[in-house]
Structure formats: structure tokens, C-alpha cells
Amino acid sequence: MNMSNIWFIMKRELSGYFATPVAYVFIISFLLLTGFSTFFVGNFFERGEADLYPFFSIHPWIYVLLIPAISMRLWSEERKSGSIELLMTLPVSVFEAVLGKFFAAWLFTGLALFLNFPLWITVNYLGSPDNGVIITGFLGSFLMAGGFLAIGACVSATTKNQVIAFVLSLIVSLIFVLSGYGIVLDFFSSWAPKVLVDAISSFSFLTHFDAISKGVIDLRDMFYFASVIFVWLFANAIVVNARKAD
Amino acid sequence: MTLRIEIDNLAKHFGEIKAVDGVSFSVNKGEVLGFLGPNGAGKSTTMKMVTGFLTPTSGTVRVCGHDVLEDPISVKANLGYLPEGAPAYADMTPDGFLRFIADVRGLSGAAKQYAVEHAAERAQIKHVMFQPIETLSKGYKRRVGLAQAILHNPPVLILDEPTDGLDPNQKHEVRTLINEMSHDKAIIISTHILEEVHALCHRNVLIANGKLKFDGTPNELEAMSRYHNAVCVAVANVDNDKVLSFLKSLAYIASVEELSGTRGFRVYPQQGKQITAELSQSIRDNNWDISSLHAENGRLDEVFRTITMGSNK
């Protein structure tokens, strides 16, 4: 594994976001959506509590909608324009390319997440929150974004069409979130054995993110997101290898 | 002679379709190999296997001694490749694009700066270096692709239709560039523009339906033409029938064809021999005036058609 190749590919990819309006459209939509839902859906003020729980709890749903918009172009655009032939005949391994592209998208999402810092200032101005909890919340949200991105990157490699990549990533992401959602679990728990219900729930981003966003750092949750990222990126490399020339 | 590219019994099957079917040839340092064949013959597929983009169904490819399956990174490091259609990152500028390629090729600092400037100069794209690639014309995009391929001064160049879609001036420039680089590199160019066979290539390989049909010099390729060493001759002030019967009577002439208008005759020699001098002497022995006389080398388009159409049957 050549680290500098990963770095160069990441750099190129990242500058690509800012060469087009994609980056600005994404960041503004992300900030509008998080802001809107924190104050109006999460009732930030009415709750009267100095924390960012309403802000973080909405993240899985915002990511389901917005992350596929970032990940859809990662590979399908390369395949459509034929530049994948160029990339894959440079002295770069598939996994280096997969990681470079993934890190670019992850770093970009991290930037969008970071730009929510005024909210953190606000809550510190209004009260005295537990800042440790808020930091783990950001960390958990960032990890979860990585999971969504890895799913989206892999899906994007399966098609040349960005719209298809978007819709498929959205559906797969939704499955990973919904499997921990109350209504879905209630549906299963009425007839399925508890082991199965727990298994389904343990696959959900929601279950693992909830604990982190409340300030509980459990290594199992960290390990969960890390392995989701790894497994999907591994699949991504396999798909790129298999479909690059189609 | 240094062997730079060795292709042995290479095959690629897509399901039932044999896109490339047991092709073997090699390219030496200092050689420009023209890779000919009709569209869909398997030229691009072969090149994609040589560059490590496609995995062969069977057979081996070695570039500068490295096997493409065992050590693809070394193969790719020794290659410059212009894929068909010269794909690039459309939203980048040629400057940013070439710098990215230089980074990945392991160039940095002054070496990187020199490589980018030198490649841009040779490909003649210096004045468009800061315009997004998507806004460039087809000819410039092709040259950006070419600059990318030659950037790291690789020992082996693989160029898939480098002059496709260029105007005659641009074609000339690209050919000049390839000729300049040919002495210390091994170059494969694919083309279906037959004039490039003489303008560029030291050797030709012709494939059709995935199979190798010819491997030899441009002159050898021409010699396969039925027009090879045929002579067009016109005689002034003599009745056509008289000339025709005289030409037919000559022992070294296999057949005679009357050309339309007053352009005279095309005579085909026995066993493809050179007969220009003999013929000229025979006509003058009759005290006839020759108004024009020229020998043909052979017609590549006719050879191309014969070889590639014959394989469809």
C-alpha cells in the first residue's frame, strides 16, 4: 500500500468537489437541513436543555438523504467518462484508489459537519452543556457518515448512471438505518424470537449511533462503524475490479 | 535490440465472443509498431490487456521484463498509455491534470515541474494549460491525453488511435512528435488510417476478428497487393489496340488492363517482378514515345480489404 498514492488521489478528488458548485450546494443544504430540523423538528429551545441531542438525533436521516449525493459520483462518473481506464493504468492499486476517493468524500463530509460549530457556540452561550458529550456526538456522527459513504462508494461502482447510484445508495442506507427504528423492530418483535430482533437491531446505524451521541463511548460501537466502512470498501474494490471495463 | 513488449498467445473471451484469439507479437526498443485492423477487430482489447486494464483469458504479456499479471504496478510504471478517446478529468485544467499524473508517477519538485512543462511543450498545449479540459476542442483534448502519456518519459508507449479526429495539421504534428520519440522507446499505435503505415511505422501487425493476420514491414505489407510492381504506361501517337496486343505479347507480363480515357494501360508483371526498365526498353525498341510510365508500390487499402474481408468467410 503506497500512502502517497492515496494522498494524491484524495487531493485530486477533493479539489474536484470545489471545481464545481457541488461542494457549495451540498454544504449549504446540509447546514440548512441540520439547522431547520434542530430548531423546528427537534424543538431545541422548547426543550430547555443545554445539549445538542436534537441536532445529533436527526443526523442519520439527513445522511440517508444527502450522503448518496456525495458518493454517487465517486465511481460512476469515472466509469461513464472513461477516466477509470486512465486511473487504473496508472501505477496505483485498486485499493489505493478506493481509499483515496473514500477519504476525500469523508473529509469533505467532515468539513460540512464541522461548519455546524455555531450551534455548539450557541448552546455554550445559552447554558453550560457537557462538552465531552458534544464532542463524542460529533465523532460518532463523523464515523456514521463514513459508514454511509462506504455504502454509497460501493454502490456507485456498480453503475455508470449517477441517478441510479443515488437511488440505490439511498435505499441501502435506509435499510441500515430502519433496521433499528422502533416501528420496524416492533413489527419483528411481535412474532420473531428475541435473538433475531436483536440481530436486526444490532445491524442498524441508529442503535450504535444513539449511544455515542449520548456521550457513551463503547468500543463495540466504534468497532461496528469501522467494520461497516472496511467491509463496504473491500466490496467496493472487488466491484471496481470486476466492472471497470464494462 | 532490446525487447520491450512481449505478447504471447494472448486471448480475451467475453462469453462466447472471442475478442482476441491467440495473438503473439513483440516490439523492440526504437520501433514503432502500427497495430492495424478494422473496427471491432480486437485492437483496443489487446492494448487494454497490455496496459493491465483488462485481465487476459489466457496468454502472457511482458513489458520491460515484467509480467502484467504478476507485477502490474511495475508494468504500469514503465508505460505511457493514451486510451481510446483520450479520457481525462473534464473539470480539471491541463495544468492540474498533468500535475496529478506527475504526482502519481512519483515525480516531485524540479523534476515534476520539468516533466509537466516539457510534456506540455511537446504536445503543444502550453497556451491552454489553465482552461478546464471540458472546454477544449477535440484536438486539444487528444493532445492533453498525449501529454499525460509521455509525461514521465516512459520506455514504452501505447497509443490507441492518437490521431483520430485531428485535422491534417494536427495529425502531422502528432506524427512528428511520435517520430521524434521513437528512437529510444518501444511504441505501439493503433490506427485504421492507412497513410500512417508509411508516415510512422517501422513494422505492422494486422488483426481481424481477434486473430493475427500479418506481421511485417510496411513494404512487405504493400508487396501483398496485386498492384505491387504493376506499371502504368501510356504511349503517344500509337493506336491503343496496337499497343495492347504488343504489351500482351511480352513474356514478362502476366496481364494487361486498359485504363479509362487516354491514360494508357496498367500491366501486371509475372511473379510480381520489377519490370519498369525492361518495359521501357521494349517500348522504345518499337520507336514509340512513352508519354508516361510509373510503377506502383502496392495499395494498402486493397491489401487491408483482402486480408480482413477474407477472414469473415
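Colleague: Let's begin with chain B. How many helices and strands are there in chain B?

Modeller: Chain B has 11 helices and 14 strands. Keep in mind that we are looking at a predicted model. Along its principal axes, the C-alpha trace of chain B spans about 75 × 45 × 35 Å.

Colleague: What share of the residues in chain B is buried?

Modeller: Of the 313 residues in chain B, 42% are buried.

Colleague: Now the sheets. What is the strand order in the open sheet of six strands in chain B?

Modeller: The order is β6-β7-β8-β3-β9-β10 of chain B, and the pairing is mixed. At the edges are β6 (79-82) and β10 (211-216) of chain B, each of which pairs on one side only. On average, neighbouring strands of this sheet are turned by 15 degrees against each other, direction ignored.

Colleague: Could we look at one pair up close? How many bridges join β7 to β8 of chain B?

Modeller: Five bridges join β7 (residues 156-160) of chain B to β8 (residues 186-191) of chain B, and these two strands run parallel. To find a spot in your viewer, look for D160(B), which stands opposite S190(B) in β8(B).

Colleague: And which order do the strands take in the open sheet of four strands in chain B?

Modeller: That sheet has the order β12-β13-β11-β14 (chain B), with antiparallel pairing. Its edge strands are β12 (253-258) and β14 (289-295) of chain B, each pairing on one side only. Here the neighbouring strands are turned by 25 degrees against each other on average, direction ignored. The strands β12(B) and β13 (residues 265-269) of chain B run antiparallel and are joined by five bridges. In β13(B), F265(B) is the bridge partner of E258(B).

Colleague: Which helices of chain B pack on that sheet?

Modeller: One is α9 (residues 240-249) of chain B, which touches β11 (231-236), β12 and β13 of chain B. The direction of α9(B) makes about 160 degrees with that of β12(B). Another is α10 (residues 276-285) of chain B, touching β11, β13 and β14 of chain B. The direction of α10(B) makes about 170 degrees with that of β14(B).

Colleague: Let's turn to helices that pack on each other. What describes two packed helices?

Modeller: The angle between their axes and the distance between the axes describe them. For a case in chain A, take α10 (residues 131-156) and α14 (residues 205-213) of chain A: they pack at about 160 degrees, with their axes 8 Å apart. Angles over 145 degrees count as roughly antiparallel, and α10(A) and α14(A) are therefore roughly antiparallel to each other. The crossing of α10(A) past α14(A) is right-handed.

Colleague: Which residues meet where α10(A) packs with α14(A)?

Modeller: From α10(A) come T136(A), G137(A), G140(A), M144(A) and G147(A), and they meet F205(A), F209(A), I212(A) and S213(A) of α14(A). By class, this contact has four nonpolar, five polar and no charged residues.

Colleague: Last one! How many residues of chain B are in contact with chain A?

Modeller: There are 20 residues of chain B in contact with 18 residues of chain A. On the side of chain B that touches chain A, α2 (72-77) and α3 (94-104) of chain B each supply at least two residues. By class, that side of chain B has 13 nonpolar, three polar and four charged residues.

How values were computed. Residues are numbered from 1 along each chain as its sequence is written. Chains are lettered from A and ligands numbered from 1 in the order in which they are written. This is a predicted model: local features need pLDDT of at least 70, side-chain atom pairs count only at pLDDT 80 or more; totals for chains, interfaces and linings use all residues. Two strands pair if DSSP finds at least two bridges between them. Axes are lines fitted to C-alpha atoms, for helices over the stretch in contact, and angles run from 0 to 180 degrees between N-to-C directions. Two residues are in contact if their C-beta atoms, placed from the backbone, lie within 7 Å. Angles under 35 degrees count as roughly parallel, over 145 as roughly antiparallel, 65 to 115 as roughly perpendicular and the rest as oblique. A crossing is left-handed if the near helix is turned anticlockwise from the far one by less than a right angle, and right-handed if clockwise. Ala, Val, Leu, Ile, Met, Phe, Trp, Tyr, Cys and Pro count as nonpolar, Asp, Glu, Lys and Arg as charged, and the others, Gly among them, as polar. A residue is buried if 20 or more other C-beta atoms lie within 10 Å of its own, exposed if 12 or fewer, and partly exposed in between; C-beta atoms are placed from the backbone.
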